[in-house]
Amino acid sequence: MPSASPSKVRQITEQAKHEKLEVELVPSWEELVSGRKRVDRLRPVVIEDLLGRSAINLHSQKVVGMVEGKVALVTGAGGTIGGELCRQIAQCEPSLLILVERAEFLLFQIEQIIKTEFPHVPHIAFIADVTDESRMDFIMGGFLPNIIFHAAAHKHVPMMEHQPGEAIRNNTLGTANLADLAIKHEVERFVLISSDKAVNPTNVMGATKRMAEIFVQSLQERSKHTQFLAVRFGNVLGSSGSVIPTFRKQIENGGPITVTHPDITRYFMTVSEAVGLVLDCSSDGSGGEIFVLDMGEPVKVYDLAKQMIELSGLVLGEDIDIVFSGLRPGEKLYEELQHEEETLEVTHNEKVFRFTGHKSKENEVREFLKSIGPLLKSAEYNELKRQVKSFVPEYKPDFSPPKWAESHEEVAECYRKEGLLEKDTTVVPFDERTA
């Protein structure tokens with residue numbers, strides 16, 4: 001069954017497991033035709049095969065028409081999303097594909113993939129940081145991209161919680177820098193890769209992505225040539241730093257698997273589907289919209305862990321355990337897709353929704369970003385969070401002290417500053433409290 005849907009694969013796998021049979025997959029016809037895989041290269045079923053959905057048309061005529069013969073630039077090209085964008089764009093025959101990435105090894109990897117799989121596609125790889133205005137101005141001015149896919153970002157939620165200055169610098173100010181240059185060099189389309197965590201954010205990462213959305217939307221009224229749009233989606237299966245590679249590593253090490261909360265849920269998409277829909281949105285946008293991808297039903301992370309244990313041929317509670325570590329700072333039990341003030345509109349693609357809403361005035365957005373700049377290097381990271389909340393009122397910041405606080409007295413002092421402890425409260429050291 002070469003076109004079996006993930007639900008069919010899941011059904012067959014469950015039945016085979018009941019009969020104590022092994023299930024392996026033959027490469028898809030696309031992989032065979034492209035020459036990337038051989039027919040005898042069987043592989044075991046993995047969790048991505050069960051969570052994905054039916055294949056979509058990744059190369060509609062509209063998408064091909066948007067990219068074919070054009071200069072396309074991808075930031076964050078070495079990341080999971082950026083790399084897949086490069087692959088799918090290359091299939092649409094651009095006149096030039098520009099890869100921008102600040103991590104040298106990741107840039108080398110994606111360049112080798114493009115060279116190998118798409119040797120006929122002209123491309124060039126630049127080490128560059130999107131916050132470096134002169135460097136990005138040089139690249140854009142020299143090659144005049146027609147379309148920009150901006151995927152570069154800090155995305156690790158717990159890591160950003162106590163480094164909000166870095167998250168703002170990269171996710172918000174980096175986007176603003178790139179968007180301004182897009183107008184300067186008359187880029188036709190600017191596509192911001194956003195996140196479902198930008199909706200009613202409870203963490204720094206989501207709040208900085210929301211600020212980036214607000215900025216690009218505010219530019220649309222003034223922009224005469226560039227169309228700005230943003231695309232939100234959730235977790236991508238197997239992306240670097242995400243839950244599935246983490247669980248896989250924990251299983252390889254014999255466990256336990258750590259889940260933050262028994263009821264935590266997340267939306268999941270395959271990287272090919274997510275990027276295919278991003279390209280579809282990009283070809284459909286008229287400027288100023290936020291698109292949200294239909295990510296299906298949310299999945300309980302605990303159920304995901306159990307499925308991965310079963311696929312590994314192990315038994316939960318006998319061969320390996322699942323332990324609950326507690327929600328991390330800024331982490332939600334569930335993700336949302338829409339702000340209350342946004343209006344939902346349907347598109348030609350049933351898997352894509354368009355949101356329109358109030359657009360902030362550009363001068364007000366710029367004034368705020370200008371005022372927050374001097375605070376980025378401040379050690380008072382909670383004050384930085386308060387400033388962000390003044391601009392994104394739906395943001396619910398977490399004021400927990402960082403794990404790297406040197407002693408329990410320092411942690412207590414952090415709490416006292418936030419008004420979470422009375423001044424004369426005695427604090428028991430962490431190890432004694434745990435015991």
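**Close-up views of a predicted model**

Buried residues (under 20% relative accessible area, with exposed meaning over 50% and partly exposed in between, for a 1.4 Å probe and protein chains only) make up 48% of the 435 residues in the protein. This is a predicted model, in which local features need pLDDT of at least 70 and side-chain atom pairs count only at pLDDT 80 or more, while totals for chains, interfaces and linings use all residues. Residues are numbered from 1 along each chain as its sequence is written, and side-chain values use heavy atoms, with hydrogens and water left out.

**View 1. The largest nonpolar core and helix H10.** A nonpolar core is a set of buried Ala, Val, Leu, Ile, Met, Phe, Trp, Tyr and Cys residues joined through side-chain atoms within 4.5 Å. The largest such core has 47 residues, and those with the most contacts inside it are Ile98, Met140, Ile148, Phe190 and Phe215. Helix H10 (residues 204-219) gives the most to this core, contributing eight residues; helices (H or I, at least four residues) and strands (E, at least two) are DSSP runs numbered from the N terminus. A second, separate core of 41 residues includes Ile81, Cys92, Leu277 and Leu279.

**View 2. The surroundings of methionine 140.** With its neighbours within four places in sequence left aside, methionine 140 is in contact (heavy atoms within 4.5 Å) with Leu73, Pro145, Ile148, Leu178, Leu181, Ala182, His185 and Val187.

**View 3. Strand S6 between S3 and S7 pairings.** S6 pairs in the parallel sense with strand S3 (residues 71-75) over four bridges, where two strands count as paired if DSSP finds at least two bridges between them, and alanine 72 stands opposite isoleucine 147 in S6. S6 also pairs in the parallel sense with strand S7 (residues 189-193) over four bridges, and the bridge partner of histidine 150 in S7 is leucine 192.

**View 4. A nonpolar surface patch that includes phenylalanine 108.** Phe105, Leu106 and Phe108 make a nonpolar surface patch of about 310 Å², with accessible areas taken from the Shrake-Rupley method with a 1.4 Å probe and, for residues, only the protein chains shown counting as cover. Phenylalanine 108 lies in helix H6 (residues 104-117) and is partly exposed, with a relative accessible area of 46%.

Technical notes: Patches are made of residues with over 30% relative accessible area and no salt bridge: like charges are joined within 9 Å, nonpolar side chains (Val, Leu, Ile, Met, Phe, Trp, Tyr) within 5 Å. A salt bridge is a side-chain nitrogen of Lys or Arg within 4 Å of a carboxyl oxygen of Asp or Glu.
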